[in-house]
Amino acid sequence: MALLEVNDLSIAISGLKPLDGISFAVDKSEILGLVGESGSGKSLTALSVMGLLPLIGGRIQRGSIRFDGTELTRLAEPQYRKLRGRRIAFITQNPMTSLDPVMRVGAQIDQVSRLHLGLDAEAARARSIALMERLRIPEAAMLHHHYPHQLSGGMKQRIVIAMALAADPDLIIADEPTTALDVTIQAQIVGLLGELVRDRGLALILITHDMSVVAQSCDRVSVLYAGRVAESNDVRSIFATPRHPYTQALIGCIPRDGMPAGSLAGIPGTVPSVGHYPSGCRFHPRCARKEATCATTVPSLDGSPKGGAVACHFSDAGAAHG
């Protein structure tokens, strides 16, 4: 049994269904990439696992979220609070807005271990400084007293990661953790997260729209499109033999050394909004391989969350030619 298993998850917000039948699994010492364009449902999936849907007026309509044998969809909020931050940590998208601007960064890390581990002020401070040093923050004891505006974007993101680690969680969900950072700092942050998974035996869900980040860091991948899983597999298989046209299109958007000028592919059109999902396969209006059945019949996700699975009527033909 995996540490986290999400099965057939569907949610409703204001009468709409932005997630429909999402399934995936992740275990300790494993990095799962949730990938797709903006609007694919990645962040909503994270909010569902964290039990934060009520904050945006959402609810789970169907399905299961099982963490270490506990069914999270049945937990009352007081029980969820004991897990949230303690065993399941969340790194939000933008480090610039994730920190309290009027509170010293060290105190914000201290707060987590004091709340969840019951440490006193001195022990919490020592733990925070040790975490900051582990995350390669120079002069950690001094920066412990700084305010967020005194730190660079990369340092702020390290502080946010330290907050996520402060209670020694089993699972971290990182939602686009490098969005606001330059390319060099992005690589450093992704590398640090990978080291933490290996060294601490964490499970990590890395939410991103960047397939190159997935290729560098993930063990397994679930590709989301318009609130459904298009394809899931181990990262080697995803890149060697992508079966879904959307997966192939995402990989085709990755620039490569030596590419002729003007040869970088794009995906025509945009992800449909939740109120305008097309019938049948939701990718079919943008798919070069679509046939009549794609517009009328929803493809089933054939396979299992821990093995290769694809939701495409013509995936075998696609694998042969992709």
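Colleague: What do β9 and β10 form?

Modeller: β9 and β10 form a hairpin with 2 residues between them, and A226 in the turn has a positive phi of about 50°. Helices (H or I, at least four residues) and strands (E, at least two) are DSSP runs, numbered from the N terminus. The model is predicted, so local features need pLDDT of at least 70 and side-chain atom pairs count only at pLDDT 80 or more, whereas totals for chains, interfaces and linings use all residues. Residues are numbered from 1 along each chain as its sequence is written, and side-chain values use heavy atoms, with hydrogens and water left out.

Colleague: How many bridges join β9 to β10?

Modeller: Strand β9 (residues 220-225) is joined to β10 by 6 bridges, and the two run antiparallel. V223 has E231 in β10 as its bridge partner. Two strands are said to pair if DSSP finds at least two bridges between them.

Colleague: Is β10 mostly covered or mostly open?

Modeller: β10 is mostly covered, with 6 of its 7 residues buried. Buried means under 20% relative accessible area, exposed over 50%, and partly exposed in between (1.4 Å probe, protein chains only).

Colleague: And what is the order of the strands in the open sheet of 7?

Modeller: The order is β6-β7-β8-β3-β9-β10-β11, with mixed pairing. β6 and β11 stand at the edges with a single partner strand each, so one side of each has no neighbour in the sheet. At the β6 end, β6 and strand β7 (residues 171-175) pair in the parallel sense over 4 bridges. A89 has I172 in β7 as its bridge partner.

Colleague: What about the open sheet of 4 strands: which are its edge strands?

Modeller: That sheet has the order β2-β1-β4-β5, with antiparallel pairing. Its edge strands are β2 and β5 (70-71), each of which pairs on one side only. Strand β4 (residues 58-67) and β5 run antiparallel and are joined by 2 bridges. R66 stands opposite E71 in β5.

Colleague: Changing topic: what is the volume of the largest pocket?

Modeller: About 530 Å³. On a 1 Å grid over the protein atoms alone, a pocket is an open set of points with protein on both sides within 12 Å along at least five of seven lines, a cavity is a set where a 1.4 Å probe fits but cannot get out, and lining residues have an atom within 4 Å of a point. Grid points are joined across faces, edges and corners, and a volume is the space filled by probe spheres set on the points.

Colleague: Which residues lie nearest the centre of the largest pocket?

Modeller: Of its 17 lining residues, R84, G85, F90, V112 and M163 lie nearest the centre. β6 (88-91), α4 (105-117) and α7 (153-165) each supply at least two residues of the lining, and α4 gives the most, with 5 residues. By class, the lining of the largest pocket has 9 nonpolar, 6 polar and 2 charged residues. Ala, Val, Leu, Ile, Met, Phe, Trp, Tyr, Cys and Pro count as nonpolar, Asp, Glu, Lys and Arg as charged, and the others, Gly among them, as polar.

Colleague: And the second largest pocket: where does the largest share of its lining come from?

Modeller: β10 again, with 3 residues. The second largest pocket has a volume of about 230 Å³. It is lined by 15 residues, and R228, V229, V298, P299 and A311 are the closest to its centre.
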